[in-house]
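Open your viewer and get ready to select residues.

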Amino acid sequence: MPIKLSTNCLRSLNERHSLAMAVPSPRASVLVAALVAAVWSHASHAAEENPVVVAPAAAAAATGEVGWTDFWLVRLSLNILGYGSVCLPAWLFIRYVKRSGYLEQGGENGHNCMFRSIRLCVAGNEEKTSLEEGGVKATAPEPPKFNKGVVLFFCVLGLQGSYLTWGVLQERIMKHEYGKDENNPGEKFTNSQFLVFMNRILAFSAAGVIILVTRQPRHTAPLYRYSYCSLSNIMSSWCQYEALKFVSFPTQVLAKASKIIPVMLMGKVVSGKTYEYYEYLTAAMISMGVAMFLLTQGKEATGPTTVTTFSGVLILIGYMMFDSFTSNWQAELYKQYNMSSMQMMFGVNLFSCIFTSWSLIGQGGFAVGLGFMLKHSTFMFHVLLLSLCSATGQLFIFYTISQFGAVVFIIIMTTRSGLAIFLSCLIYGHPLTVIGVFGVFIVFAALFLRVYAQQRKKAQKAREARQSELSNGNKV
Ligand SMILES: Nc1ncnc2c1ncn2[C@@H]1O[C@H](COP(=O)(O)OS(=O)(=O)O)[C@@H](OP(=O)(O)O)[C@H]1O
């Protein structure tokens with residue numbers, strides 16, 4: 001019954017508001033969705049039936065034929081088509097709801113479940129603050145400097161620990177031959193998208209449970225705003241995996257190491273932030289130091305190619321843009337709404353689950369992944385461990401961004417890979433190269449310079465504030 005009421009309400013609003021006539025109706029949105037989904041699903045299945053898609057390089061080499069899905073632009077278009085078939089109707093629907101004035105009818109429909117769900121997705125609860133509703137404030141009062149240092153150390157440790165284990169497990173899953181014994185050659189699992197989906201669903205469930213059992217601030221952000229960083233996160237992962245096919249090891253290293261400056265530039269675009277010269281200088285120094293260390297100490301065999309093509313560079317640029325947008329958008333959401341890192345994790349993973357499951361359904365990846373799980377219990381156990389690590393990593397990601405912002409988070413992630421290799425050199429006694437040691441030195445010098453410059457700036461600001469107080473007092 002409530003559904004019927006709301007549909008009627010929407011229809012009558014559509015008739016009343018001339019503006020709404022310019023906006024496609026929900027039925028049109030559904031039609032657009034169905035059309036795009038049909039094209040995408042057909043294309044994805046065609047791609048699946050074509051053996052070249054499953055192992056493009058190997059199959060093409062064996063047959064000498066090149067399938068149309070061998071082109072990364074085609075694969076990208078298929079992805080865009082897939083996600084577009086979810087995003088476009090959702091966007092049209094949000095536009096329709098906003099323009100039709102449906103939400104202004106809250107008095108009549110305030111207790112209607114459908115109305116409340118639509119309001120949660122489209123407008124959130126912006127009109128009420130958490131304190132009015134007796135919630136708790138997400139951002140605690142500024143902790144003393146000593147505490148802040150401890151919190152930062154805790155974040156570095158958490159990110160390093162979870163993603164170190166996550167990397168090891170990911171490699172193990174992709175290389176392991178499941179079911180191998182004397183009579184059986186075993187089989188490998190190669191669908192990384194299924195793994196990403198499993199990671200996201202566990203992170204989503206974990207955040208949901210924590211939200212249910214702990215006290216959280218009243219949620220005010222419209223749900224759809226999480227979808228932007230969720231989509232950019234998925235796209236950045238796609239670009240990262242895709243780029244491996246087209247770029248050499250040094251190019252990968254340089255791109256990963258130089259992520260800090262794009263994040264700062266994106267901060268200007270997304271939040272209008274301004275940065276001091278010392279911040280750009282130290283960012284460049286950290287990137288240079290990490291690159292020097294990784295290029296001389298890192299292991300070479302990480303991708304199937306030793307040359308960098310123009311396509312590879314384009315995909316890497318895409319990776320950097322999506323990746324820098326993700327953390328900056330998350331930081332912006334924290335700034336605009338009173339929310340906890342757990343709510344952010346829940347919101348982002350909700351959309352990530354929707355997007356990845358849609359894409360898996362389109363490509364028939366669900367059946368493959370679940371079938372493999374049922375066949376090999378070891379695989380199920382490995383996936384569970386991987387997802388637990390990923391969820392723990394996400395807890396730290398969202399907490400770090402909420403406490404220190406996007407740039408500090410990216411600095412930690414950038415130095416993460418270097419730190420892992422550095423630790424393994426110390427533990428296993430591998431020799432460090434002179435250039436590698438110099439790289440480490442540059443990174444530490446940059447971090448020291450950054451903290452020093454920040455402290456100086458703060459002290460200068462405090463001095464200026466005191467002086468202006470004094471001069472105001474003298475005037476009185
Ligand atoms: N801001 C933000 N929000 C949510 N999730 C994030 C974020 N930044 C990184 N990640 C996830 O962390 C995983 C490692 O990412 P990267 O390989 O890009 O990290 S890095 O290069 O070491 O900085 C990788 O996980 P997978 O997507 O499962 O591979 C990223 O998606």
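Is Gln343 buried or exposed? Gln343 is buried, with a relative accessible area of 6% (buried is under 20%, exposed over 50%, partly exposed in between; 1.4 Å probe, protein chains only).

This is a predicted model, where local features need pLDDT of at least 70, side-chain atom pairs count only at pLDDT 80 or more, and totals for chains, interfaces and linings use all residues. Residues are numbered from 1 along each chain as its sequence is written, and side-chain values use heavy atoms, leaving out hydrogens and water.

**Stop one: Gln343.** Stay on this residue, in helix 15 (residues 341-363). Helices are DSSP runs of H or I with at least four residues, numbered from the N terminus. Now show Pro217: the Gln343 side chain reaches its backbone oxygen at 2.7 Å.

**Stop two: the ligand.** Select its surroundings: 19 residues, with Arg200, Ser237, Lys256, Lys259 and Arg416 the closest (a surrounding residue has a heavy atom within 4 Å). Helix 17 (377-428) gives the largest share of this shell, six residues. Next, pick Gln330: one of its polar side-chain atoms lies 2.9 Å from a ligand nitrogen. On Arg416, a polar side-chain atom is 2.4 Å from a ligand oxygen. Taken alone, the ligand exposes 630 Å², and the protein buries 94% of that (Shrake-Rupley method, 1.4 Å probe; for residues, only the protein chains shown count as cover).

**Stop three: Leu314.** Go to helix 14 (residues 310-336), where Leu314 lies. Leu314 is partly exposed, with a relative accessible area of 37%.

Terms used: Helix = DSSP H or I, 4+ residues; strand = E, 2+ residues; numbered from the N terminus. Polar contact = N/O pair within 3.5 Å; in protein donor to acceptor, adjacent residues only side chain to side chain.
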